[in-house]
Amino acid sequence: MRKLTVPFLFTVGWLFSAVSAHAIIIAGFTSATNDRFADDGSFIGSVFDWSGVGLTSGGQWGTLVSNNVFLSANHLHPSLNSSLTFYSSNDSSGASQSRTVVGGQRIGTSDLWIGVLNSPVSPSFTSYSFISNDIADSAAFNAPSPVRGLVAYVVGKSPTAWSTTLDMAVGRNVLDLWAEDSQAGGTTGDALASLEGYTTDVAYETLLQGGDSGAPLFIGNGSSLLLTGINWWVGKGTINAVEYDISGYSYIGNYDVEISTFINANAVPEPSSFALITSLIALAGAGRRRRHPATR
């Protein structure tokens, strides 16, 4: 597992475009190994549940952090009244559910955007736990932090021609560095980042491209996925006078309190809870009527 220990200079960042025709760049890409909906046993994410990652018909991303709340990028998030579609499996002809975006807000001054759906998805669709470790600066990242040097799963638009809500490819890259004072998409802030081509020890090494903004970055935790970042920018980094392409992600761990507060404020009781509450109200009403019969 590689770890960046040499001096690093962050030089340029630029904003993704919703209309970009570019696809995520994955070294050694094949549809079978990297496209979710190729539904092939060799898919690098086959052991994980991807049903909580959705797309709108316009290509904007949303990743569920509860049954009715999702995360995206502030500069390229699903618009209000748009519809997010989720698939329960990697089979494109399998069950799917669409929900309407009815609210949302930017999280602080970050490029994270948190949104709420008109109704919860069913229990057969997952929502993801998210990282809660704070990282204040490069020194804290290199301490090391719990994410430094880990291989993450990077999600973006596929090089294969898929319909919009099925356009999802998965690659990998190492979480190499902490890029301080990034400026992209109208936001200035720190970013979790990975280099492309720094070493060749990562299978399916990945570089983000236009249209990938708002898609999730995950750390694999056994058979589960831990939501760690949201795609933000691509840029350049210089190490020992050699320039590399880098991908930047909004780091979720620094905003876990805000995310949890929003989830709690928009929580919807489970259908079983609704049924129980309704039954209790009905029984209470019947009891009152029996104790106080109407008179004529």
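Let me start at a turn. β11 and β12 form a hairpin with two residues between the strands, and Gly185 there has a positive phi near 65°. Keep Gly185 in mind. It comes back later.

A word on the source. This is a predicted model.

Now the overview. The chain has 296 residues, and 49% of them are buried. It holds four helices and 16 strands. Take the contacts with a separation of 6 or more: 67% of them join residues 24 or more positions apart.

Next, the barrel. Which strands build it, and in what order? There are six, and the barrel is closed: β3-β4-β5-β8-β7-β6, with antiparallel pairing. From one strand to the next, the twist averages 40°.

Let me walk through some of the pairings. As a reminder, strands of a sheet pair through backbone hydrogen bonds, either parallel or antiparallel.

Begin with β3, residues 53-56. Val53 and Leu55 point one way, Gly54 and Thr56 point the other way, and all are buried.

β3 has β4, residues 61-64, as an antiparallel partner, joined by three bridges. Gly54 has Gly62 in β4 as its bridge partner. The two strands make a hairpin with four residues between them. Here too a glycine in the turn has a positive phi: Gly59, at about 90°.

β3 also pairs with β6, residues 83-87, again antiparallel, through two bridges. There, Leu55 sits opposite Thr85 of β6.

Then β7 and β8. β7 is residues 96-106, β8 is residues 112-117, and five bridges hold them in an antiparallel pair. Another glycine pair turns up: Gly104 stands opposite Gly115 in β8.

The loop between β7 and β8 brings us to Asp111. What is the nearest side chain of opposite charge to this buried residue? Arg106, and it is 6.0 Å away. A salt bridge needs the nitrogen and the carboxyl oxygen within 4 Å, so Asp111 has none. What the Asp111 side chain does have is a polar contact with the side chain of His75, at 2.8 Å. And here is Gly185 again: Asp111 is in contact with residues including Gly185, Thr187, Trp232 and Ser250. Ser72, Ala73 and Asn74 are also among the residues that Asp111 contacts.

There is a second case, Asp212. This one lies in the loop between β13 (206-207) and β14 (216-221). Asp212 is buried and has no salt bridge either; Lys157, the nearest side chain of opposite charge, is 5.9 Å away. A polar atom of the Asp212 side chain lies 2.8 Å from the backbone nitrogen of Gln209.

So where is a salt bridge found? The structure holds one. Side chains of opposite charge can pair when their charged atoms come close. Here the pair is Asp245 and Lys236, at 2.5 Å, N to O. Are these two buried or partly exposed? Asp245 has a relative accessible area of 24%, so it counts as partly exposed. Lys236 is partly exposed too, at 28%.

Last stop: Phe218, in strand β14. Its relative accessible area is 0%, so Phe218 is buried. What does Phe218 touch, beyond residues up to four places away in sequence? Trp50, Val53, Thr63, Tyr128, Ala152, Tyr153, Val155, Leu225, Leu226, Leu227 and Thr228.

To recap. A closed barrel of six strands. Asp111, buried without a salt bridge, and Asp212, likewise. One salt bridge in the structure, between Asp245 and Lys236. Thanks. Over to you.

Definitions and conventions
Residues are numbered from 1 along each chain as its sequence is written. This is a predicted model: local features need pLDDT of at least 70, side-chain atom pairs count only at pLDDT 80 or more; totals for chains, interfaces and linings use all residues. Side-chain values use heavy atoms; hydrogens and water are left out. Buried means under 20% relative accessible area, exposed over 50%, partly exposed in between (1.4 Å probe, protein chains only). Lys and Arg count as positive and Asp and Glu as negative; His and the chain ends are not counted. A polar contact is a pair of N or O atoms within 3.5 Å; within protein, one must be able to donate a hydrogen and the other to accept it, and residues adjacent in sequence count only if both atoms are side-chain atoms. Two strands pair if DSSP finds at least two bridges between them. Axes are lines fitted to C-alpha atoms, for helices over the stretch in contact, and angles run from 0 to 180 degrees between N-to-C directions. Contact means heavy atoms within 4.5 Å.
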